[in-house]
Amino acid sequence: MSTIKDIARVAGVSIATVSRVINNGPKVGQKTREKVTLVMNDLGFTPNANARALVTQKSSTIGVVVPELTDPFFASLASGVDKVAREKNMQLLLSTALLSAESERAAINLLIERRCQSIVFHSKKLSDEELLVLCKKIPGLVLIDRVIEEIKHKCVWIDNAEGGKIAARHLLSLQHQQVACISSKFKIEDPALRLKGFTQELANNGIELDEQLIQYAEPNLQGGEIATQHLLATGKPFSAVFVYNDAMAIGAISTLEDNGFDVPNDISVIGFDDVLLSRYSRPKLTTLHYPIKEMAQHATLLSLELLKTDANYNNNGLKYVPRLVKRESTSAK
């Protein structure tokens, strides 16, 4: 395998000159740069990014931590980071972490070991205190889908509570009074805030959500099916249901129709996220648009910007608000 020394010998230049060409450094004439590049190609030399990182203490890699990739939501998040990485001629290093503090800690440590200075971190289980320490340790660390007041300038998040309120206002505008809710069973902030906003808006309109009409399950298709079965088993009537995410909502529609209910004529269903599948379900799903890919791109650019500025770089982060997307799964009572 060819080395920098080999390149320097064949090209008739110093090792320092080869190093400058590899790192696109200054003080190298165009003819010399072309000559060294030609020799590198002839000898099949490929610069070692890890070795270069050891010398420069910098990495051309952008890291991203997500819980999983089977969920289209997190796949879109990773895709948003990857888009910016490609535009910046950087590599993407993806680390997955299930919803536990231990796995999140292991995922972020992996990226640190690889000398990632720019990291987009979707964390739901690490404490605020631990994240504050990490953000001081890693200047280019940006949190997505979470906000901590002390490091708000390093956060990109969505107003989940407002999303719940928007869903409630939509169902109320359609004259629904008996409503149900399907939420995630995971003890994280997103489902709690969405449910809180939903119930608050109902209460503001004189409607109290029956606790038996709130069901919890895993946030996937099967979870939506199981939660809907539990709702129907209560025997309590409801004409509309607000669901934590689109996968659960599509699972809910399947169970409702299997049990003889027409969606939306008998029961309206509204989801959250606006993943691609929601546009192709039958009926097409009314949902709250969560611009996760756009948010991921913004988080990545913010991460790179933080590396260029001093430690006192200040902004207010960026809060997004969900947008109602009306399709076919909701109708007037």
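Residues are classed by relative accessible area, with buried meaning under 20%, exposed over 50% and partly exposed in between (1.4 Å probe, protein chains only). The structure is a predicted model, in which local features need pLDDT of at least 70 and side-chain atom pairs count only at pLDDT 80 or more, whereas totals for chains, interfaces and linings use all residues. Residues are numbered from 1 along each chain as its sequence is written, and side-chain values use heavy atoms, with hydrogens and water left out.

A search of the whole structure finds 15 salt bridges, a salt bridge being a side-chain nitrogen of Lys or Arg within 4 Å of a carboxyl oxygen of Asp or Glu. One of these is formed by the side chains of lysine 152 and glutamate 149, with an N to O distance of 3.9 Å. Lysine 152 counts as partly exposed because its relative accessibility is 27%, whereas glutamate 149, at 58%, counts as exposed. Glutamate 149 belongs to the loop between strand 4 and strand 5, where helices (H or I, at least four residues) and strands (E, at least two) are DSSP runs numbered from the N terminus. The C-alpha atom of glutamate 149 is separated by 9.6 Å from that of asparagine 316, although the two residues are 167 residues apart along the chain.

A further salt bridge joins arginine 105 to glutamate 130 at 2.7 Å, N to O. This pair links distant parts of the chain, since arginine 105 is in helix 6 (residues 101-113) and glutamate 130 is in helix 7 (residues 128-137), 25 residues apart. Both partners are classed as partly exposed, arginine 105 because its relative accessibility is 33% and glutamate 130 because its relative accessible area is 25%.

Lysine 319 likewise forms a salt bridge, here with aspartate 159, and the closest N and O atoms are 3.8 Å apart. Lysine 319 lies in strand 11 (residues 318-320) and aspartate 159 in the loop between strand 5 (155-158) and helix 8 (160-173), so that the pair ties together parts that are 160 residues apart in sequence. Lysine 319 has a relative accessibility of 47% and therefore counts as partly exposed. Separately, salt bridges that share partners join Lys124, Asp145 and Asp190 into one network.

Strand 5 is covered on both faces, with Cys155 and Trp157 on one side and Val156 and Ile158 on the other, all of them buried. Strand 5 pairs in the parallel sense with strand 4 (residues 140-144) over 2 bridges, two strands being taken to pair if DSSP finds at least two bridges between them. In this pairing, isoleucine 144 stands opposite valine 156 of strand 5. Strand 5 also pairs with strand 11, again in the parallel sense, over 3 bridges, and here tryptophan 157 has lysine 319 in strand 11 as its bridge partner.

On the surface, Glu257, Asp258, Asp262 and Asp266 gather in a patch of negative charge. Such patches are made of residues with over 30% relative accessible area and no salt bridge, like charges being joined within 9 Å and nonpolar side chains (Val, Leu, Ile, Met, Phe, Trp, Tyr) within 5 Å. Within this group, aspartate 266 lies in the loop between helix 11 (246-258) and strand 9 (268-270), and is partly exposed because its relative accessible area is 41%. Proline 264 is found in the loop between helix 11 and strand 9, and a cis peptide bond with omega of about 15° joins valine 263 to proline 264.

A cis peptide bond also joins arginine 282 and proline 283, with omega of about 0°, and proline 283 lies in the loop between strand 9 and strand 10 (287-289). Aspartate 274 is placed in the loop between strand 9 and strand 10, and has a phi near 65°, a positive value in a residue other than glycine. The relative accessible area of aspartate 274 is 9%, and the residue is therefore buried. A positive phi, of about 70°, is found for glutamine 175, which is not a glycine. Glutamine 175 is located in the loop between helix 8 and strand 6 (179-184) and, because its relative accessible area is 52%, is classed as exposed.

How values were computed: Areas by Shrake-Rupley, 256 points an atom, 1.4 Å probe, with all protein chains shown as cover. Lys, Arg positive; Asp, Glu negative; His and termini not counted. Charge placed at Lys NZ, Arg CZ, Asp CG, Glu CD.
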